[in-house]
Amino acid sequence: MLKVELLYHTPEPEKAIALSAKLCYASTSISELEEGLTEEKVGSFVHMLSDIGHESPIEHASFTFGIEGVSRSLLAQITRHRIASFSVQSQRYVREDGFEFVTPPQIAADPEALEIFEQAMREDNEYYERIAAVLKKNHTARLVAEGMDEAAAAKKAEKMAIEDARFVLPNACTTKMIVTMNARSLNNFFAHRCCNRAQWEIRELAEKMLRLVRGVAPTLFEKSGPPCLRGACPEGKMTCGKAAQMREYYSNLTEN
């Protein structure tokens, strides 16, 4: 099951952005910039940056998320957002016996498809365990023959075995990660992944992440979401045709 937490973020993210923006337009020293920077002026600076498209100051605010229960398929998509930092549970070092997996809603809703899918997951797990066992046995024997202590050989053989056995694991296999993005990258992420045309799993993740950051920086992420919130849909003939509904939905999106 998808789980997302906002682990850390820049203290007073909107103030950090306003301070950075103020520097661009002020002749005073950096130490004097904070003087008179009220909550109202912070909001005014953040709105101004949005209105004029001056995005570089918002890079000074960063957000770190803990993400669990997502598929390796999602991992392949989220890592395409390159201005970000990712730490992902390794299948080279973590054995996946009895692995958990994500079931797409359309499969879950179809009994016949679900039965086939779950059988495939069981078989994948069986093949993984069998391949790992064979490789571990052979690697252990070779390492012992080369003079390594049996316990040390078995430990090394285990890693070598699962490193190759993981190739049989499916995209549905779950993973967990810690992801850090600055606010500018996050807005780019939301623009692509909150869209109705985004794949269902990463869209659900993006929406949960947006709820969390709106809780700590509501002005900064007030207009975040698919591009149709801010103008015409850029998808052309591929548009979902639901811009009005999307605007209403995202205007009411809160942490709760």
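**Entry 1: V213**

I started at V213, which sits in helix 8; helices here are DSSP runs of H or I with at least four residues, strands are runs of E with at least two, and both are numbered from the N terminus. Before going on, I noted that this is a predicted model, where local features need pLDDT of at least 70, side-chain atom pairs count only at pLDDT 80 or more, and totals for chains, interfaces and linings use all residues. I also noted that residues are numbered from 1 along each chain as its sequence is written, and that side-chain values use heavy atoms, with hydrogens and water left out.

Is V213 buried or exposed? V213 is buried, because its relative accessibility is 0%; buried means under 20% relative accessible area, exposed over 50%, and partly exposed in between, with a 1.4 Å probe and protein chains only. I looked up what V213 touches (contact means heavy atoms within 4.5 Å) and, leaving out residues up to four places away in sequence, I got F63, F65, L186, F190, P218 and F221. I also found that V213 and L6 are 207 residues apart in sequence but 7.6 Å apart in space, C-alpha to C-alpha.

**Entry 2: the cores**

Next I looked up nonpolar cores, meaning sets of buried Ala, Val, Leu, Ile, Met, Phe, Trp, Tyr and Cys residues joined through side-chain atoms within 4.5 Å. The largest one has 41 residues, and I67, F190 and F221 touch the most other members. Several elements each supply at least two residues of this core, including helix 1 (13–24), strand 2 (62–71) and helix 7 (183–193). Which helix gives the most? Helix 8 does, with seven residues. A second, separate core has ten residues, among them F99 and C173.

**Entry 3: rings**

How many aromatic pairs does a search of the whole structure find? I got six. Rings of Phe, Tyr and Trp (its six-membered ring) pair if their centres lie within 6.5 Å; planes under 30 degrees apart count as stacked, over 60 as edge-to-face and the rest as tilted. F99 and F101 are edge-to-face, because their ring centres are 6.4 Å apart and their planes are at 70°. F99 is buried at 8% relative accessible area, whereas F101 is partly exposed at 30%. F189 and F190 have ring centres 5.9 Å apart and planes at 55°, so I wrote them down as tilted. Ring pairs link F63, F189, F190 and F221 into a cluster.

**Entry 4: S224**

I then went to S224, in the loop between helix 8 (200–216) and helix 9 (243–251). S224 counts as buried, because its relative accessibility is 3%. Its side chain makes a polar contact with the side chain of N187 at 2.4 Å; such a contact is a pair of N or O atoms within 3.5 Å where, within protein, one must be able to donate a hydrogen and the other to accept it, and residues adjacent in sequence count only if both atoms are side-chain atoms.

**Entry 5: E12**

Last stop: E12, in the loop between strand 1 (3–9) and helix 1. E12 has a positive phi of about 45° although it is not a glycine. Most residues other than glycine have a negative phi. E12 counts as exposed, because its relative accessibility is 54%.
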